[in-house]
Amino acid sequence: DCLLSRGLGDVYKRQIYNVEAYLEQCIRSVLEQSYGEFELILVDDGSKDKSGEIVDRLAQTDRRIVPFHQKNQGVAAARNTGLDHSKGRYAAFLDGDDWYHPDFLEKMEAALEAGDGQLASCCFEAVGVEHPPQVKTLKAAVVDRREAMQLLMGYNSFNGYVWNKLFDLQIIRNHHIRFQSNYPACEDAMFVGNYLYYCNRIHITEDILHCYRQVRSGANRGRYAAKTVYDPKWMSVFEMTEYMAKLYHDEAVSAACRIHEVREAGIVLRSMEAAGYHGADYVRLKDILHRGAHLFYQDPNSGYSQKLSVFLSCISPKLEWVIWKLRNRK
C-alpha cells in the first residue's frame, strides 16, 4: 500500500500473503510510476509461498523498496506495520494482486495539491473474473465529509475501498487512525470512515487509475456468490454502520448507513439460506430489512434489480435465494 509526498513518498504493500503469481506485476506498476519520488514499503505477512523471496529480490534492485517480514497477523496488522514505518506526506494502499496505471501517483497528488484537499479518490477497473461486480462510476467532483460518507455507504467507484484513494499522513498521525482487525468484513470502510471525519474537501477524479483483480476465492466474494458457508465475520458490517451513525450524528449519514445495512442484509441472508442457517444473526438481519426497506426503495442511487432483490427478501429470504440461483445459473 502506498504513500507519497513532494520529495518523498511511501508506497506500502497491503498484506502480502500468498500472491506470488501476481506480486511482481503489482510491485513493478509502482516502480514504473511517472511520479518517481516515493518509498515503497512491502509487508510480507508470513507468506507460505515465494512472495517473501520476490520482495527481497526486488528490494535489491531498487533503493525505494523497504521490505518487512512478519508472522501472519492479517491485513489490518500488515497495513498498520506500513503506517508505523512511513515517512512521507501522503499514503496509498495497494493489494498484492492489484496494480496501478502508470500515472496513479502523479494524478492523485495533483488532485490534492491543486484543491487543498485531504483525500483523493479515483475510479478503477475490475478484472479477473467473467462477470465482475458492476458499480456506478462517479464523475469528477469535490465533496464534503457528509457527501463523502454517503458515497462510502453506496455502491459506486468511491465506496469504502482504501486502494483507490490517497490519504494525508498528517491526519492519520494526528488522530491515531488505524486499521482494526475486529471488523474483518469492513476494515477498509472503518478506516476511511474514521479518516473522513476529519476532512473538509474530498477530491473525486473520474480517471481510471487502479486495476482491481477479482478472484473467485477472494475475501468477500462468497457473500455475493451465495456459497453454502455462512461466515459470521460478515456481521461486522452492521457493527460498522452503527458505529458510523453514532460518530457522525448526522441525519443524512445515518440514512446512508441504514440503506447500506439493507443492501448488505439481503446479500448475507442469501448466503444464510444457502447454508441453512437460521440463528440469531438471521433474525437480526430480517429485522434490519423490514425496518429499513422503505428507505432503500426511495433511494435514487439503488438500482431496480437491487430493489427487487430486497423486496423478495422481505417476503422470504429463501424465495430470493431460489430466484437468485435461477437468474445466475451457468
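Modeller: A nonpolar core is a set of buried Ala, Val, Leu, Ile, Met, Phe, Trp, Tyr and Cys residues joined through side-chain atoms within 4.5 Å, where buried means under 20% relative accessible area with a 1.4 Å probe, counting protein chains only. The model is predicted, so to speak of local features needs pLDDT of at least 70 and side-chain atom pairs count only at pLDDT 80 or more, while totals for chains, interfaces and linings use all residues. Residues are numbered from 1 along each chain, and side-chain values use heavy atoms, without hydrogens or water.

The largest nonpolar core holds 58 residues, and those with the most contacts inside it are Phe158, Phe167, Ile172, Phe191, Leu196 and Leu285. Helix 10 is its greatest contributor, with 9 residues (a helix is a DSSP run of H or I, at least four residues, numbered from the N terminus). Beyond its neighbours within four places in sequence, Leu196 is in contact (heavy atoms within 4.5 Å) with Leu119, Arg145, Ala148, Met149, Leu152, Phe158, Ile202 and Tyr248. Apart from this core lies another, of 26 residues, including Val30, Tyr100, Cys122 and Leu209. Val30 is also one of the buried residues of helix 1, together with Leu23, Cys26, Ile27, Ser29 and Leu31.

Returning to helix 10 (residues 251-275), its axis comes within 9 Å of that of helix 13 (residues 317-328), and the two cross at roughly 90° (axes are lines fitted to C-alpha atoms over the stretch in contact, with angles from 0 to 180 degrees between N-to-C directions). Helix 10 is therefore roughly perpendicular to helix 13, a term for angles of 65 to 115 degrees. Leu269, Arg270, Glu273 and Ala274 of helix 10 meet Pro317, Lys318, Glu320, Trp321 and Trp324 of helix 13.

Conventions. Angles under 35 degrees count as roughly parallel, over 145 as roughly antiparallel, 65 to 115 as roughly perpendicular and the rest as oblique. Buried means under 20% relative accessible area, exposed over 50%, partly exposed in between (1.4 Å probe, protein chains only).
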